[in-house]
Amino acid sequence: MPDMKTDALIRTLAEDGATRRPSLARRLTLALLIGGSLAAGLFATTLGVRPDIGAALHTWPFVFKIAIALLAYALALWACARLASPQVGVRDTLAGLIAAPVLLAAAVGYELLTVAPDAWLTRAVGSNARVCLVAIPLLSLAPLAGALAALRVGAPQSPSTAGAVTGLMAGTFAATLYAVHCPDDSALFVALWYSLAVAIVAVLGAIAGSRVLQW
Amino acid sequence: MPDQTSHWTELMRAANRGDAHAYRRVLEGLAPILRGLVKRGFARYGLGPEEVEDVVQETLLAVHLKRQTWDERQPLLPWVRAIAQNKLIDNLRRRGRRVHVPIDDIGDALAVDDEPAISNGVDAERILASLNGRQRQIVQAISIEGASARQVADRLGMTEGAVRVALHRALKSIAGALRSA
C-alpha cells in the first residue's frame, strides 16, 4: 500500500465535512451545568451552608471573601475558554488573571493594618483549614472532569497550561461553594488555605490537561 | 487571484454553512500554502523537505477536526498558520530538535508553494492500522477509491448517518495515531 496522498486525505475530510458539532461555548456551558450541579449536590448533602449565613451576609469580610472567589472564578472561566484557541497567547491570558490575587493581596494588606499583630496567627490558622484543603479539591472534581471533556474539542497552544487554568476555574468554583460553609472569613486565612487548595486543583488540571487536551 | 485573506475566509464561512464544495476548495487551497509554510519552517532548522507532507497532512487534519476554534469574525489564514505552527513544532520536537523560535516568527508570508509535493505524506499502513475493521473499510473506500459516504453506506449495508459517525471517529483516531507516532 502506498502512502496516503494529500488529495486523498482532503477528499476524506471533505466527505466528513457535513458533520456538525456543538460549539465549544455550548459544550463548556453544559459541562459546567452538570459538573456544577453535582458539586453543589455534594456540598449540600455533606457540608451545607453555615448556620449564621444571615448575619454573615451583613459583614464585609464574608462578602469580600465571596466576591474574591467569584471574581477569580469568572476570570479563570474566561481564560480557560480563551486558551482553547491555538491563536491565543498564553502569557496575555495569564496576565488577565492577575486582578484576583491583587484584590486578595489588598484585602490581606487591609487586615494586617487593621488587626493587632498578635491576632494574625490565630486568624491565619483559622478553625478548619484541613476541611478546606480536602473539601475544595473534592468539590472541584466533577466540574474539572466535565470542563476537560468539553475542552477536548479545543486546540490549545499548551495543553498543560490550558489544563492548569481549567483546574483554576474548577477550584475557584469549588472555593466559592465552600466559602458559604466556611466560618473563617479572614483574608489571611483565604490567602493561605483557599489559595493552597485551589493550587492543588490547578496542578491536577495541568497533569490531566497535558494528557487529554493534546491534539 | 483575489485578495487571499478575504477569499479563504469567505469560503470557510460558506463551508460552515454546509457548503461542501466551498469546504473542499478551502482544503485544496490551503495545501500548497501549508507546503510553503512548513518547508520554510524546516529550512530554518536546517532540515530538508522529507517530512513536509506529513506536517501538511497533520495540519489539514487538525484544521478539519478543530475548525470550531476558528472565530468566524476573524480572518481564516492566521488561525490556519497557528495550527500549522503547532504541528510543525510537534514534528520538530519528535525529531529531537530544540524549538526556540517564537511561535509568531515562522514565515509571515502566506505565499503559495506551487512545487508538487516531494514526499507522499504519512504512511497509509500506519494510519489504517489504528482503525478497526469497519472504519478501515470506510476510510479506504472514501480516500483511495473516492467513494461518497452515500455509496459506502449502500455497499456496506449501513445508513449514511452511521457511515458519517464512523468516518468522523476514524479521523479522530488517525489524528491520535499521528500524534503518538
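**Two chains in contact**

Author: Chain A brings 31 residues to the contact and chain B brings 42 residues; two residues are in contact if their C-beta atoms, placed from the backbone, lie within 7 Å. This is a predicted model, in which local features need pLDDT of at least 70 and side-chain atom pairs count only at pLDDT 80 or more, while totals for chains, interfaces and linings use all residues. Residues are numbered from 1 along each chain as its sequence is written, and chains are lettered from A and ligands numbered from 1 in the order in which they are written.

Reader: Which helix gives the largest share of the side of chain A that touches chain B?

Author: Helix 1 (residues 6–16) of chain A does, with 10 residues. Helices (H or I, at least four residues) and strands (E, at least two) are DSSP runs, numbered from the N terminus.

Reader: How do the residues on that side of chain A divide?

Author: They divide into 15 nonpolar, 10 polar and 6 charged. Ala, Val, Leu, Ile, Met, Phe, Trp, Tyr, Cys and Pro count as nonpolar, Asp, Glu, Lys and Arg as charged, and the others, Gly among them, as polar.

Reader: At what angle do helix 1 of chain A and helix 6 of chain B pack?

Author: Helix 1 of chain A packs against helix 6 (residues 133–143) of chain B at about 115°, and their axes are 8 Å apart. Axes are lines fitted to C-alpha atoms, for helices over the stretch in contact, and angles run from 0 to 180 degrees between N-to-C directions. The two helices are therefore roughly perpendicular to each other; angles under 35 degrees count as roughly parallel, over 145 as roughly antiparallel, 65 to 115 as roughly perpendicular and the rest as oblique.

Reader: And which residues make that contact?

Author: From helix 1 of chain A come A:Ala8, A:Leu9, A:Arg11, A:Thr12 and A:Glu15, and from helix 6 of chain B come B:Val139, B:Ile142 and B:Ser143. Of the residues in this contact, 4 are nonpolar, 2 polar and 2 charged.

Reader: Turning to the chains themselves, how many helices and strands does chain A have?

Author: Chain A has 10 helices and 0 strands, and the C-alpha atoms of chain A fill a box of roughly 80 × 35 × 25 Å, taken along the principal axes. Chain B has 8 helices and 0 strands.

Reader: What percentage of chain A is buried?

Author: Of the 215 residues in chain A, 46% are buried, and for the 181 residues in chain B the figure is 40%. A residue is buried if 20 or more other C-beta atoms lie within 10 Å of its own, exposed if 12 or fewer, and partly exposed in between.

Reader: Which residues have the most contacts inside the largest nonpolar core?

Author: They are A:Ala76, A:Ile136, A:Ala147, A:Met169, A:Tyr178 and B:Leu60, in a core of 111 residues. A nonpolar core is a set of buried Ala, Val, Leu, Ile, Met, Phe, Trp, Tyr and Cys residues joined through C-beta atoms within 7 Å. Leaving out residues up to four places away in sequence, A:Met169 touches A:Tyr73, A:Ala76, A:Leu77, A:Cys80 and A:Ala147.

Reader: What does B:Leu60 belong to?

Author: B:Leu60 is in helix 3 of chain B, one of the residues there that meet helix 2 of chain B. The axes of helix 2 (residues 20–44) and helix 3 (residues 52–65) of chain B come within 9 Å and cross at roughly 130°, which makes helix 2 of chain B oblique to helix 3 of chain B. The residues of this contact divide into 11 nonpolar, 1 polar and 2 charged.
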